[in-house]
Amino acid sequence: MRRLALNFLLILVLFVGIIRAADPECSYCNKTIEGNYLSVDGKSYHEDCYRDHVQPRCAHCGKVIDGKYALLNDEMYHPECYTNHILPRCAICDQPLQGKYYTDYWGNSFHESHSSELSECHTCGRLICDELTGGGYELSDGRYLCGICNETAVTGDFLLESSLSYVLRLLEANGIDNLPDDIPITLVDQQKLRQLSVSYSDAMHGFTDHNTQTRNGHIVSKESHIYILSHLPLTMFRAVLAHELLHVYLFERNLDLRSDIREGFCNLGSEMVYQDTPSEYAEFRLLNMTKSQDPDYGYGYRKMSGLLDQRGWRYLLETLDEIN
Ligand SMILES: [Zn+2]
Ligand SMILES: [Zn+2]
Ligand SMILES: [Zn+2]
Ligand SMILES: [Zn+2]
Ligand SMILES: [Zn+2]
């Protein structure tokens with residue numbers, strides 16, 4: 001979340017003096033002034049000339065300003081006009097945003113205080129409330145899901161099969177083929193994921209369990225089981241599935257890579273899905289990976305992504321075990 005501070009309002013009091021002197025010239029109409037005149041910033045004016053032509057007016061209500069004012073882009077405003085009509089409003093409580101405020105990735109600006117009162121959606125980062133997300137709810141494992149992400153959340157078996165065939169096709173198009181198409185996929189909560197993985201990290205949204213059957217020292221079968229966090233929006237679910245399928249790819253080829261290269265490589269699957277289904281949400285998730293400080297999911301990913309950009313999939317797949 002970006003933290004924004006509004007430019008401090010420039011407050012200036014005009015000095016208006018009424019002085020008696022001999023025949024000065026009006027700085028507005030250039031005629032001689034007889035009698036009272038106004039002196040403002042070292043210039044003299046007929047009272048009428050000053051009021052009708054020189055005195056600043058509020059860019060909102062058009063009425064004259066003769067005291068404090070706020071200045072924005074060279075326009076002057078009455079302080080009340082500025083506060084009530086010019087200042088941006090909070091997307092949550094609709095009150096003017098004075099002082100420091102936050103703007104989230106989605107362009108919602110709101111008072112700092114709301115971020116401590118409301119819960120953040122675990123997949124999009126929006127603050128969960130009626131105004132921003134149409135509500136939302138807490139999952140049994142403590143994650144929060146907003147109303148927007150909930151619309152496509154994968155919660156049952158319904159989308160698993162179509163997602164698997166979509167991702168397999170996408171990977172295949174980039175030369176990642178011969179993956180088994182009958183890999184079991186199970187949706188789990190965060191606690192279960194933590195139990196499954198010895199190297200659990202918050203950047204993890206799935207886990208793949210590998211199993212090798214041997215007989216007399218020979219491999220007779222290799223099996224994988226994919227576990228993915230439940231309630232992920234469909235786009236993210238597919239991105240996580242692609243990540244896990246790349247683990248299957250490595251397992252099938254007996255490629256035992258260092259963790260940053262392994263997770264970085266598998267995140268290229270997520271990247272592929274996000275690039276294949278462009279949306280604001282996909283961009284947000286990609287940005288998350290691009291900015292992640294995690295040594296494997298962040299740094300490892302950027303290393304592998306850079307390599308992919310330079311050399312392409314074919315080179316990458318052929319030289320995976322030589323990368324360090
Ligand atoms: Zn004049
Ligand atoms: Zn005004
Ligand atoms: Zn507010
Ligand atoms: Zn959300
Ligand atoms: Zn992984």
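Two strands pair if DSSP finds at least two bridges between them. In this predicted model, strand S3 (residues 37-40) and strand S4 (residues 43-45) run antiparallel and are joined by three bridges. S3 and S4 form a hairpin with two residues between them, and Asp41 in the turn has a positive phi of about 50°.

**The three-stranded sheet**

An open sheet of three strands has the order S12-S14-S13, and its pairing is mixed. Strand S12 (185-188) and strand S13 (206-215) stand at the edges; each has a single partner strand, so one side of each is left without a neighbour in the sheet. Direction ignored, neighbouring strands of this sheet are turned by 25° against each other on average. S12 pairs with strand S14 (residues 218-229) in the parallel sense, over four bridges. Ile185 has Ile226 in S14 as its bridge partner. Helix H8 packs on the sheet, where it touches S13 and S14, and its direction makes about 165° with that of S14.

**Helix packing**

Two packed helices are described by the angle between their axes and the distance between the axes. The table gives these values for three helix pairs.

| Helix pair | Angle between axes | Distance between axes |
|---|---|---|
| H6 (residues 160-172) and H8 (residues 234-252) | about 60° | 10 Å |
| H8 and H9 (residues 259-276) | about 140° | 7 Å |
| H9 and H11 (residues 295-319) | about 70° | 7 Å |

H6 and H8 pack at about 60° and are therefore oblique to each other. H6 passes H8 in a right-handed crossing. On the H6 side the contact consists of Ser163, Leu164, Tyr166, Val167, Leu170 and Leu171, which meet Phe237, Arg238, Leu241, Ala242 and Leu245 in H8. By class, the residues of this contact of H6 with H8 are nine nonpolar, one polar and one charged.

H8 also packs against H9, at an angle of about 140°. That angle makes H8 oblique to H9. The crossing of H8 and H9 is right-handed. H8 contributes Arg238, Ala239, Val240, Ala242, His243, Leu245, Leu246, His247 and Leu250, and H9 contributes Arg262, Phe265, Cys266, Asn267, Gly269, Ser270, Met272, Val273 and Tyr274. The contact of H8 with H9 divides into 11 nonpolar, five polar and two charged residues. Arg238, Ala242 and Leu245 of H8 are listed in the contact with H6 and also in the contact with H9.

H9 in turn packs against H11 at about 70°, which makes H9 roughly perpendicular to H11. The crossing of H9 and H11 is right-handed. From H9 the contact takes in Ser259, Asp260, Ile261, Glu263, Gly264, Phe265, Asn267, Leu268 and Glu271; from H11 it takes in Pro295, Asp296, Tyr297, Tyr299, Gly300, Tyr301, Lys303, Met304, Ser305 and Leu308. The residues of the contact of H9 with H11 comprise nine nonpolar, five polar and five charged.

**Individual residues**

Asn30 lies in the loop between strand S2 (17-19) and S3. Its phi is near 65°, a positive value in a residue other than glycine. Asn30 has 8 other C-beta atoms within 10 Å and is therefore exposed.

Asp74 is placed in the loop between strand S5 (70-72) and strand S6 (75-77). Phi of Asp74 is near 65°, again a positive value in a residue other than glycine. With 6 other C-beta atoms within 10 Å, Asp74 is exposed.

Glu80 belongs to helix H2 (residues 79-86). Glu80 counts as exposed because it has 12 C-beta neighbours inside 10 Å, and the cut-off for exposed is 12 or fewer. Glu80 and Cys58 are 22 residues apart along the chain, and their C-alpha atoms are separated by 10 Å.

Tyr137 is in strand S9 (residues 136-138). It has 13 C-beta neighbours inside 10 Å and so counts as partly exposed. The C-alpha atoms of Tyr137 and Leu97 are separated by 27 Å, with the two residues 40 apart along the chain.

Note on methods. Residues numbered from 1 in each chain as written. Chains lettered and ligands numbered in written order. Predicted model: local features only at pLDDT ≥ 70, side-chain atom pairs only at ≥ 80, totals over all residues. Axes fitted to C-alpha atoms, helices over the stretch in contact; angles between N-to-C directions. Parallel < 35°, antiparallel > 145°, perpendicular 65-115°, else oblique. Left-handed = near helix turned anticlockwise from the far one by under 90°. Contact = placed C-beta atoms within 7 Å. Nonpolar A, V, L, I, M, F, W, Y, C, P; charged D, E, K, R; others polar. Buried ≥ 20, exposed ≤ 12 C-beta atoms within 10 Å, placed from the backbone.
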